[in-house]
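Visitor: Can we go through the salt bridges in this one? I'd like the criteria along with the pairs.

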Amino acid sequence: MPIRTYQPGDENQIQSLFKKVFGTSRSMELWQWKFLQHPNASNPWILLYEEDGSVLGHISLWVSYAWVHGEKQPIGLRIDTMVDPDARGKGIYQKLNETLIKEAKKRGIVYLYGFPAPKAKDLFLRYTHASHLLDVPRYIYVQKPIALLSSKIAPLKALRPLDRVALQFQQKKFRQKNQESFTIKEISTFDQSFDQLAERTKHHATVHLVRDAAYLNWRYIKHPNHNYKMLALYERGELKGYIVFRVEPKEDREFRNGYIVDWLAEDDDTYWQVLLQQAMVRMKEADVVQTWAMPKAHSTTLLANNKFMHKDSPMPLVGKELTVQHIELNNPDAWYITPGDIDSF
């Protein structure tokens, strides 16, 4: 079978395949961040299907540690599954997925998960007997309703000054409570106190990524394309939680999205509430703020209490246990997931 692991020098063909499959170019800087700089030593984790020196297929994982019932275990996020359009019909996708599961088991990975497009989801379910856990809910908060409407109904642009009034009211609401007892800092790096926070929050859900300093610095500080803002909340000098967000650059956009990308705190509603409030105050340039929340997650209740609306559920979450003991992770209620857990935000 012409499937092998990645070797240095393969990246040029991988990049060419990416452009051919997805119709867009990706910088080498982004590729290196994504595959070579991940802090987990199991990365890069890439399998290639090669014929006559040409790479015709690609499948890969982000291997990270997750807390599973409070114990660190390696799990793999499926990313960048690609087959050359001119080579379809050879069974390359199926062969890559079968080899992926075989090799992941050998390397001690306990669970695979991903957020595939609809067609890729159907194929993954068919060839690996994976489970479709759910479609992840997306929540939105409309800060500037006229901007939202005028992006679809052009004559309403003349009314956009009214958004200033709506924004002032909302900003006042987010500023007014629960903040005097805490210190909020905008940070530029994640220090060792985040390792301690990760340990204290390991039972936040049955399974969620270990958000320690090494992971967070790689994921947010070192990202070559996105400019994230990070807020940390302290009580009497001790770190209690953080939130990561970003607003799309202006670039002459008529409509701007803000994203709550990651959000974690100790088990006290007030910590979560203050972090959300402070992030919203700092995203006043966004017309709409959006994020994900799993149905049973602590954050879901906080979003609802702050007038976020469930807009839709656009991202299918699929999973495949690699040991009998981890079948329970096919239950979506076991998971805490944020947009930052995948590579596209």
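Guide: A salt bridge here is a side-chain nitrogen of Lys or Arg within 4 Å of a carboxyl oxygen of Asp or Glu. This is a predicted model, where local features need pLDDT of at least 70 and side-chain atom pairs count only at pLDDT 80 or more, while totals for chains, interfaces and linings use all residues. Residues are numbered from 1 along each chain as its sequence is written, and side-chain values use heavy atoms, leaving out hydrogens and water.

Visitor: How many salt bridges in the whole structure?

Guide: The search finds 19.

Visitor: What does Arg 211 pair with?

Guide: Arg 211 bridges to Asp 341, with the closest N and O atoms 2.7 Å apart. Arg 211 sits in the loop between strand E8 (207-209) and helix H8 (213-221), and Asp 341 in the segment after strand E13 (309-321), so the pair ties together parts 130 residues apart in sequence. Helices (H or I, at least four residues) and strands (E, at least two) are DSSP runs, numbered from the N terminus.

Visitor: Is Arg 211 buried or exposed?

Guide: Buried, at 2% relative accessibility. Asp 341 is buried too, at 3%. Buried means under 20% relative accessible area, exposed over 50%, partly exposed in between (1.4 Å probe, protein chains only).

Visitor: Switching topic, which residues form a network?

Guide: Arg 26, Lys 34, Asp 80 and Asp 343 are linked by salt bridges. Asp 80 and Lys 34 have their closest N and O atoms 3.1 Å apart. Asp 80 is in strand E4 (residues 71-83) and Lys 34 in helix H2 (residues 28-35), 46 residues apart. Both Asp 80 and Lys 34 are buried.
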